[in-house]
Amino acid sequence: SKAVGTSVGLWDYGIYADVSYSDGTNLWGQIANFPGGTHDFTLAETTFTVPFGKTVDGMNLYALYRNDAAGGVAYFDDVSVTVDAPLVINGGFEGDPDADWSHYGNGYTVDTTHKHSGYQSVKITNGGARQSVNFIAEGGSQVTIRGYSKAVGTSVGLWDYGIYADVSYSDGTNLWGQIANFPGGTHDFTLAETTFTVPFGKTVDGMNLYALYRNDAAGGVAYFDDVSVTVDAPLVINGGFEGDPDADWSHYGNGYTVDTTHKHSGYQSVKITNGGARQSVNFIAEGGSQVTIRG
């Protein structure tokens with residue numbers, strides 16, 4: 001949001017959400033506040049964790065500026081909601097990894113000496129740890145696979161060293177060979193990640209995920225920890241307020257007007273003097289998921 005002459009520290013200036021759970025209860029008043037005063041477009045975001053045993057089934061989302069005695073103006077653009085769900089089971093390889101992961105090739109052994117977090121990692125010399133990860137990601141979603149690995153004496157630039165995924169679509173087709181490669185050689189735990197966008201008209205319904213190190217003439221060792229998959233889905237419709245925002249947003253209080261002079265991206269934003277823009281955002285987020293509202 002961009003502010004012109006607003007009060008500083010106003011609670012009613014931010015990206016605001018009232019969250020609904022599937023059991024009929026609510027989480028009220030989640031707000032990512034802007035500093036106020038006069039400033040250029042600034043990002044504000046806040047995250048909450050869905051309690052285990054609860055399921056979010058939607059929220060009322062607002063670009064909100066109201067109740068300000070200073071009588072300023074706020075411009076809003078690029079509003080979004082993302083869900084970071086724990087899709088990978090036991091990505092930290094704690095306890096007994098065999099309960100959640102299968103052995104690929106020569107498989108893995110548990111190691112308690114080298115770890116990125118927690119108490120242990122898995123050690124791989126020529127094979128991998130494999131998990132079938134089930135989730136839904138609609139067209140336009142961005143899917144990221146990531147993980148940490150420590151290398152000892154591996155080849156540098158080896159393609160077969162990384163977090164690897166073969167992706168399945170609901171129409172029976174596949175996206176093969178998505179891999180987040182590690183540099184190799186000898187290095188401490190390092191993050192590798194890669195992101196792909198689901199084509200419109202396609203729906204991901206799962207993937208086979210691997211912590212992979214194989215086919216290395218150097219005969220090194222790789223340790224893996226904290227493997228994850230996240231989906232950034234376009235939950236908010238027209239968060240950039242392009243075209244006719246009234247097709248996707250409703251007016252709250254004194255509502256908003258379209259402004260083509262001040263914008264963070266695209267061609268326009270919305271200008272609010274005492275009210276807001278409101279959208280009902282429908283999505284599912286299970287317990288343990290992290291939900292972030294931003295703009």
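Trainee: How many bridges join S1 to strand S6?
Mentor: This is a predicted model, where local features need pLDDT of at least 70, side-chain atom pairs count only at pLDDT 80 or more, and totals for chains, interfaces and linings use all residues. Residues are numbered from 1 along each chain as its sequence is written, and side-chain values use heavy atoms, without hydrogens and water. Strands are DSSP runs of E with at least two residues, numbered from the N terminus, and two of them pair if DSSP finds at least two bridges between them. S1 runs antiparallel to S6, residues 73–76, and the bridges joining them number three.

Trainee: How many strands does the protein have?
Mentor: The protein has zero helices. Its strands number 24.

Trainee: What share of the residues in the protein is buried?
Mentor: Buried means under 20% relative accessible area, with a 1.4 Å probe and protein chains only. The protein has 295 residues, and the buried share is 49%.

Trainee: What does the C-alpha trace span along its principal axes?
Mentor: The span is given for the C-alpha trace of the protein. Along the principal axes it is about 70 × 35 × 35 Å.

Notes
Helices (H or I, at least four residues) and strands (E, at least two) are DSSP runs, numbered from the N terminus. Buried means under 20% relative accessible area, exposed over 50%, partly exposed in between (1.4 Å probe, protein chains only).
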